[in-house]
Amino acid sequence: MTDRTDRGASRGIRPSVLLLLARRGVGGHRVRSVVTILVVALATIAVIGTTGRTEAARRSLLAQLEVPAARLVRVVDRDGQANLTPDAVRRIASLRSVAWVVGLSPAGPLGRNPALGGPRQGYASEAVGTRRYWGDLAGGPLIRAVSGRDPAPGEAVVGNRAADVLGLADRAGTIDDEISGSVAIVAEVIAVAPVENLGAYVLIRADAADAGVAELLVLLRTSAQVEPFVERLPGLLGAGTPLGIERATELLAIRSGLATEVGELDAAVLAASLISGTLLVGAILYGAIEERRREFGLRRSQGATRSTIAALVVIESMLLVIAGTIVGAISGTLLVLAQTGAPPDPGLTIAVGAIVSLAAIAGSLLPAAAAALREPLYVLRSE
Amino acid sequence: MTAATLEVHDLSFAYREAAAPLFSGLDLVAEPGQMVAVQGKSGTGKSTLLFLLGLFVAPSGGRIVICGRETTGLGDADRSRLRAHTIGFVFQDATLHPTVTIEDNVAEGALYAGASYTAAVERARDLLNRYGIGDLAHRRPTQVSGGQAQRAALCRALIRQPTLVLADEPTGNLDPDNAMEVIRGLRGAADEGAAVVLVTHSPAVAAACDRAVQLG
């Protein structure tokens, strides 16, 4: 006899047909499908809701720790052998991770200048010196020009403290420098923490070709970039360069510890949600398999292989789990948005969705194997 | 001489290794076009024999040859392929999927053999019309009578035009008129060349078969 429908006789069920049967299985057992979707959705909401909130709190705390002090690296040529040059300042300034860099010479004494008005009352004992600088001094957030113009090489700006000590009424004038001689002050700057000490200097803009860089102040864009930058420094300045490197290690340690602790909390919540979600999905599907013994037995009698039955159960589960994850991800995102005012990180949402999906699908493997291994003899016989 | 569709040689079966066999030394031959009734008291292993012939369980001893193919030692994939392409089952109750239409229930019988859904549905419609229930194609199993459901189950078993039809009390739950409809359907399959082996308690059904085998 010739089977007219048997065009694919050499192969088993077509994948498109398998998907069709799985969709029917989902639609045909609505209560079980809705319960499974709800369980997966709740697991997803639980994970996104908790990790999303802790992630928001972590981001807020870390943002508060992103103060300039945590992002500043001070490089000092302690023994005068380091290869700190104006060119090194330019190279560092060109790095994407660097927000601001300035090179500084050692401090020198301020020469006498009878034209100055002299120290104001209360500042007489405060030391004021000169320093030459390389780079865009007022181009970052730590030093801000409050009057005057950009200095040309050989001209100077005066720090706010130095201007008070020197009694520069109009924040301009001329000073005598031991190296540069007579130097015109063309602007006043305010230096803020953690470089507020620069406010006590007259800062002379050096010529790009001048030597004498003894210190670098480098402000990174984020504190997370500090350590990688420090590791790159010897390469940037020349291998083997003896350097004194200072950064806010305590602040960075707090930041690192906070990230780790919050990460561990997230991991615990994630694990608990995944395990309970996987067990619940597995239990629901196993119960459903018990109810569908005759259905699977009938399919076996029609020629379905064990692997076809297992695949059918897993595909049905995947359809339910994907639906549940989408519902849960949207609901979890709205929940976090309502609670924190900001949606959770999209990467986090996608990762949680993928992990919950995989865990729930893993929960379907045992029921799928149970369905595949059960022979229909005992459920279809008449005796 | 026509080659036998089914050959059973010295078949025995026990549920447990140490238990007394349900039956032993059983020989059975079914040729194309033949209807063979299997009769016997309850518990003599009639349904079990049918499931042995359907390759769901392995016999304790003996051989089963289907369409000239020795089935001893076949793996699940080969046994499933034989069921998909060669064997049609009819059970005592129709065992239709309650959530899909009669037409889709019948069509599913062809899908595991690799048929496309469209081709299977087309063939299902033809069969339903042939067995007088074409107008019920889009109803659910719960919306048809027991006799109509059993005829649909018969269509499902015959959709692949199997060479061997195994029926386990196919008329057990039906009134005499519906029972005869089902027997006529099975006879139609035999007339087209299938060998039919059916388990029955009914003397009338056994009488409608070409010969009977007594168990127990």
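In chain B, 73% of the contacts with a separation of 6 or more join residues 24 or more positions apart, two residues being in contact if their C-beta atoms, placed from the backbone, lie within 7 Å. This is a predicted model, in which local features need pLDDT of at least 70 and side-chain atom pairs count only at pLDDT 80 or more, while totals for chains, interfaces and linings use all residues. Residues are numbered from 1 along each chain as its sequence is written, and chains are lettered from A in the order in which they are written.

Chain B contains 7 helices and 9 strands, taken as DSSP runs (helices H or I, at least four residues; strands E, at least two) numbered from the N terminus.

The axes of α3(B) and α4(B) come within 8 Å and cross at roughly 120°, which makes α3(B) oblique to α4(B) (angles under 35 degrees count as roughly parallel, over 145 as roughly antiparallel, 65 to 115 as roughly perpendicular and the rest as oblique). Among the residues that meet are B:V106 and B:L111 in α3(B) and B:V121 and B:L128 in α4(B).

| Helix | Residues |
|---|---|
| α3(B) | 102-111 |
| α4(B) | 117-130 |
| α9(A) | 306-340 |

In chain A, the 35 residues of α9 should span 51 Å at 1.5 Å a residue, and the end C-alpha atoms are 49 Å apart, which agrees; the expected span is 1.5 Å times one less than the number of residues. Just after α9(A), A:G341 takes a positive phi of about 85°.

Between the chains, 33 residues of chain A are in contact with 44 residues of chain B. Helices α1, α8, α9 and α11 of chain A each give two or more residues to this side of chain A.

Conventions. Axes fitted to C-alpha atoms, helices over the stretch in contact; angles between N-to-C directions.
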